[in-house]
Amino acid sequence: MKYTFLMLVLFVYSTTLAQNTFKATIQEAETNEPLYGVSVFIEELNKGAVTDMDGAVQIQNIPNGQFKIEIRYVGFQTLEITRTFPLGNNQLNEIFQLEESHEEMDEIILTSTRSSRTFQDTPTRLEFIAGEELSEKGNMKPGDIRMLLNESTGIQTQQTSATSYNSSIRIQGLDGKYTQLLRDGLPLYSGYSGGLSLMQIAPLDLKQVEVIKGSSSTLYGGGAIAGLVNLISKTPQEERELSFMANATSALGLDLSGFYSEKYENTGATVFASYNTSTPYDPADIGLTAIPKFDRFTINPKFYVYLNDQTNFNLGFNYVTEKRLGGSIDFIENTTESGYFEENITNRLSTQLLGRHNFSEKLSLEVKNSISFFDRKIEIPDYNFAGKQISSFSELNLSAVEKNTEWVAGLNLWTENFDQYRGDPNQDLSYSNYTVGMFVQNIWDIQENIVLETGLRGDYQSDYGFYILPRFSVMYKPSSQFTLRAGGGLGYKTPTLFTEDVERLQFQNIMPLSVDDTDAERSIGFNIDGNYKWSITEDLNLSTNVLLFYTRIDDPLLLNSTSNMFYEFTQPNGHLDTKGIEANMRWSYKDFKLFVGYTLADVDKHYDGQREQYPLVATHRLNNVLMYEKHDNFWVGLEGYYYSPQKLNDGTTGQSYWIVGLMTEKKLGDTFSIFLNFENFLDARQTRFDTIYTGTLEDPQFRDIYAPVDGFVINGGFKIKL
């Protein structure tokens with residue numbers, strides 16, 4: 001018995017000796033700071049652990065033998081090591097350093113911040129949509145960018161016409177006139193040409209979309225009080241791209257598009273072309289279009305020249321022509337000779353020139369120019385309006401980079417001429433003006449974990465005078481997991497006729513602006529946000545971001561009705577302000593991804609000592625997307641968006657609602673894929689729980705549109721990439 005007990009003790013003792021422990025500390029290579037949440041895994045043994053706040057990790061009960069150990073962390077290069085157990089004395093507590101992975105960062109160089117830094121190294125808070133996410137959103141609405149923007153926290157696309165489907169961008173609850181929409185940093189959609197712009201920009205030739213929220217006038221001049229949206233075009237790459245898309249909808253819409261890109265020895269080219277059409281669609285069966293009848297053709301070629309390693313330029317143009325007819329279904333389908341209608345005929349042509357010369361690795365010169373021609377005719381029963389706009393933008397900037405600092409300074413010139421050639425001659429809205437601007441910006445790496453960005457702009461506007469616009473942003477990274485940003489600045493917006501309220505009236509009975517009786521709207525804004533990423537386990541990762549924002553606009557320009565049924569712009573004594581929170585949370589677990597976003601936007605108007613809630617703002621919004629994806633095979637996603645009740649201009653309050661959708665795409669080989677989307681399959685529609693007009697069908701008086709009017713729509717198609 002004693003012999004048996006002794007043998008058992010010896011067996012347990014020898015087994016214990018064969019169990020080893022791996023101890024290590026994981027640091028960031030650049031700063032030597034410990035990394036928290038790093039996954040350390042031995043696949044052969046299915047054993048692993050994650051580092052603590054000191055970067056320490058420990059894996060126990062490792063048998064004798066040689067094993068491969070994988071050290072993995074989001075945003076860093078994976079490190080693989082091999083160790084033979086038992087370990088030598090010099091391996092009992094090793095230190096490993098991880099290098100940041102630049103594979104994805106190289107594809108996401110920001111241009112909207114006027115620097116050449118990646119998003120992780122930029123003090124200005126910037127959001128972007130790129131890569132597969134951009135492609136997935138493009139599947140849902142291939143004909144325009146509304147869906148792409150509306151599904152982001154803090155952004156709401158506001159429909160301004162019940163029958164034409166026209167919409168504008170609202171950032172943090174502020175009117176669309178306070179958002180600047182750019183294409184490759186060029187203001188191609190300003191003034192009169194901003195009308196219907198969201199409906200006429202296809203997302204399929206975009207490389208990425210960059211959004212800066214809060215006052216950005218120092219970067220790009222007047223108008224960017226709420227923020228800016230910069231649409232970045234695809235450029236030629238070493239590998240040729242030839243792709244086609246066909247999409248059809250249950251609302252009897254059709255989208256056809258093609259994109260070609262190729263880089264030759266010293267030249268390159270991209271060409272995008274699309275045809276979009278729809279028949280009149282009335283899901284509520286009320287006799288009015290929820291989606292109008294339209295036909296649109298787009299062509300956008302660009303030519304690139306690479307003279308040498310130091311000098312390159314590109315030249316392109318964009319042409320869009322469209323005829324859009326909404327209103328009475330019977331009138332549009334020619335079953336009656338009369339009825340309410342709204343017809344828009346637009347022709348949009350713009351040129352783009354971008355050139356760059358690098359004097360050295362540290363000094364470069366950039367030239368930008370665009371000329372835009374826009375013609376739009378609007379007709380409703382007993383009234384028509386038409387105008388032409390010619391505008392231009394030119395810029396010359398010089399950038400310099402040293403070890404710890406980056407400078408950019410430049411000059412730019414805007415010109416704008418609008419000529420009304422239809423409408424009431426007694427209310428001629430024609431005008432002409434120009435703006436000259438100078439700006440300088442500096443980014444300074446104060447320490448390895450503190451970066452300061454400062455900027456100053458001076459603008460002279462021919463009608464309203466001179467404006468000085470300072471701004472700042474600071475970024476603090478106490479650790480590789482946590483980033484804190486804060487920023488603020490001043491902004492301005494010169495009075496403009498082209499607002500959401502004027503669009504709702506189709507420019508009818510609008511009195512011209514009086515330069516002598518109006519002043520520019522002035523703003524001040526601040527925001528602060530924190531971003532935290534955490535690798536909880538090898539497969540479970542979390543990234544969170546919380547943004548606090550505040551913007552105040554003094555002397556806002558308002559459109560009011562007069563006693564003789566006309567409308568004029570006035571500036572009451574008071575201000576607007578918006579304040580709130582944006583919170584985003586991204587979870588990823590193996591092939592699953594969950595995005596949860598929340599927006600609180602408290603927007604108020606303060607006039608003559610009175611405070612009122614600003615209309616058409618959902619105080620609370622939820623953005624939820626659950627995605628399952630097998631890379632290069634298929635993906636399926638479920639999305640749900642909640643909008644809280646909104647105050648309307650007539651004093652009533654709209655109802656809350658959910659929009660729920662299902663989207664999927666399947667790849668069939670390397671070149672072909674099919675997609676299918678069930679958008680708003682719960683059929684949330686304003687005409688189901690509220691009205692969109694009062695009066696008669698022949699003379700409707702339209703109410704605010706605060707919810708979808710098209711309801712449940714299925715779309716699907718295929719993509720070919722050669």
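**Close-up views of a predicted model**

View 1. Asn677 sits in strand E37 (residues 672-679); strands (E, at least two residues) and helices (H or I, at least four) are DSSP runs numbered from the N terminus. This is a predicted model, in which local features need pLDDT of at least 70 and side-chain atom pairs count only at pLDDT 80 or more, while totals for chains, interfaces and linings use all residues. Residues are numbered from 1 along each chain as its sequence is written, and side-chain values use heavy atoms, with hydrogens and water left out. Asn677 has a relative accessibility of 1% and so counts as buried (under 20% relative accessible area; exposed is over 50%, partly exposed in between; 1.4 Å probe, protein chains only). Its side chain reaches the backbone oxygen of Asn139 at 3.3 Å. Beyond neighbours within four places in sequence, the contacts of Asn677 (heavy atoms within 4.5 Å) include Met140, Leu662 and Val713.

**View 2. The open sheet E4-E1-E7.** Three strands form this open sheet in the order E4-E1-E7, with mixed pairing; two strands pair if DSSP finds at least two bridges between them. Strands E4 (56-62) and E7 (94-98) are at the edges with a single partner strand each, so one side of each has no neighbour in the sheet. Strand E1 (residues 20-28) pairs with E4 in the antiparallel sense over 5 bridges. Thr25 has Ala56 in E4 as its bridge partner.

**View 3. Gly154 in a loop.** Gly154 lies between helix H3 (146-150) and strand E9 (155-159). With a relative accessible area of 6%, Gly154 is buried. The C-alpha atoms of Gly154 and Gly597 are 9.2 Å apart, although 443 residues separate the two along the chain. Leaving out residues up to four places away in sequence, Gly154 touches Arg170, Ile171, Gln172, Lys213, Glu582 and Thr599.

Methods. Polar contact = N/O pair within 3.5 Å; in protein donor to acceptor, adjacent residues only side chain to side chain.
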